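Biologist: I am new to this structure and would like to learn how to read it. Could you take me through it feature by feature?

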Amino acid sequence: MTDGLPRIRTVTASRYVTPLREGGSLPAIVEADDDGLYVLKFRGAGQGPKALIAELLAGEIGRLAGLPVPEIVFAMLPPDLARTEPDAEIQSLIGASGGLNLALDYLPGSVTFDPLVFQPDARLASAIVWFDAFVCNVDRTARNVNMLMWHRRLWLIDHGAALYFHHAWNQRDAHALTPFARIVDHVLLKFASLLEQADAEMRERIAIDKVADIVELIPDAWLADDPGFDSRTHQKNAYLNYFEARLASSDIFLREAIHARAAHV
């Protein structure tokens, strides 16, 4: 911990390696000044900085909850990196994303999770289903599982589509107190037979003071001037208020998940 906040490293991208054509965030593998490889999420991509905020918050809260999430780092992107790229789209994306971005540790040799090949145990599956309902992650479906197998272990990636409601964010949002109906499409729902146990365990692990520390990590430059907020501080408070209310009323989305599973198993 540094100044009371979780420790997240900052690296500087030194080489653009290759694009990853999946997903709306148009990620890419880059090499950084620590000689590591990272999957970079661009601030200038179509979904904008809020996808990075969702990635940061959901990823770090997932780690707080004990879920397997690759290391998240802040990544400085020099705009002149675009000069070595022949692809005009990549040049434009790098140019629009100069400065602070977000990246995840690259897992070399990993493969996309396939539920027909690997079946997670009920406790892990239930924790992941609960977590995705907690953060309103719409993007862990059979069509786009957003999980990898690496060293025979399941890893969670790509949380940029979580907290989807913040793209039309205002202080009157009631999403914290609503069920998450789209949990019915979750790729792990059929394996999640211990949802009530997961609810008790996750509520114990996710301490709201630690969540507050994670929310404070959001760079001010990533916060837009959304209607209904007087300042960026109020925007950060809105994220924290969401998580606090969501945690206190987890029975709402827990029952939705249990009902969805009973109807489809």
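Biologist: In which sense do strand β4 and β5 pair, and over how many bridges?

Modeller: A word on the source first: this is a predicted model, where local features need pLDDT of at least 70, side-chain atom pairs count only at pLDDT 80 or more, and totals for chains, interfaces and linings use all residues. Residues are numbered from 1 along each chain as its sequence is written, and side-chain values use heavy atoms, with hydrogens and water left out. Now the general idea: strands of a sheet pair through backbone hydrogen bonds, either parallel or antiparallel. Here strand β4 (residues 72-77) pairs with β5 in the antiparallel sense, over six bridges. Two strands pair if DSSP finds at least two bridges between them. Helices (H or I, at least four residues) and strands (E, at least two) are DSSP runs, numbered from the N terminus.

Biologist: Which residues of β5 face A75 and F74?

Modeller: The bridge partner of A75 in β5 is N101, and F74 stands opposite L102. Strand β3 (residues 37-41) also joins β5, through four bridges, and these two strands run antiparallel. There, L40 has A103 as its bridge partner in β5.

Biologist: What do the five strands close into, and in what order?

Modeller: They close into a barrel in the order β1-β2-β3-β5-β4, with mixed pairing. The twist averages 55 degrees from one strand to the next. Angles here run from 0 to 180 degrees between N-to-C directions, and axes are lines fitted to C-alpha atoms, for helices over the stretch in contact. Helix α1 (residues 49-64) lies across β3, β4 and β5, and runs at about 150 degrees to β4.

Biologist: How many of the residues of strand β5 are buried?

Modeller: Buried means under 20% relative accessible area, exposed means over 50%, and partly exposed is in between (1.4 Å probe, protein chains only). In strand β5 (residues 99-105), five of the seven residues are buried, so the strand is largely enclosed by the rest of the structure.

Biologist: What is the order of the strands in the open sheet?

Modeller: Three strands form that sheet in the order β6-β7-β8, and the pairing is antiparallel. The edge strands, each pairing on one side only, are β6 (111-112) and β8 (153-156). Between β6 and β7 there are two bridges, and T112 has L148 in β7 as its bridge partner.

Biologist: Let us turn to helices. At what angle do the axes of α3 and α6 cross?

Modeller: Two packed helices are described by the angle between their axes and the distance between the axes. Helix α3 (residues 122-134) and helix α6 (residues 232-248) have axes that come within 11 Å and cross at roughly 130 degrees. The two helices are therefore oblique to each other. On this scale, angles under 35 degrees count as roughly parallel, over 145 as roughly antiparallel, 65 to 115 as roughly perpendicular and the rest as oblique.

Biologist: Which residues of α3 and α6 meet?

Modeller: W130, A133 and F134 in α3 meet Y242, F243, R246 and L247 in α6, where contact means heavy atoms within 4.5 Å. The residues of this contact divide into six nonpolar, no polar and one charged. Ala, Val, Leu, Ile, Met, Phe, Trp, Tyr, Cys and Pro count as nonpolar, Asp, Glu, Lys and Arg as charged, and the others, Gly among them, as polar.

Biologist: What do the buried residues of α5 pack against?

Modeller: They pack against α1 and α6. The buried residues of helix α5 (residues 208-215) are V211, D213, I214 and V215.

Biologist: How many aromatic pairs does the structure hold?

Modeller: A pair of aromatic rings is described by the distance of the centres and the angle of the planes. The structure holds 13 aromatic pairs. The rings of F165 and W169 have their centres 5.5 Å apart and their planes at 20 degrees, so this pair is stacked. Rings of Phe, Tyr and Trp (its six-membered ring) pair if their centres lie within 6.5 Å; planes under 30 degrees apart count as stacked, over 60 as edge-to-face and the rest as tilted. F165 counts as buried at 5% relative accessibility, and W169 counts as buried at 6%. One aromatic cluster includes F165 and W169, together with W130, F134, Y242 and F243.
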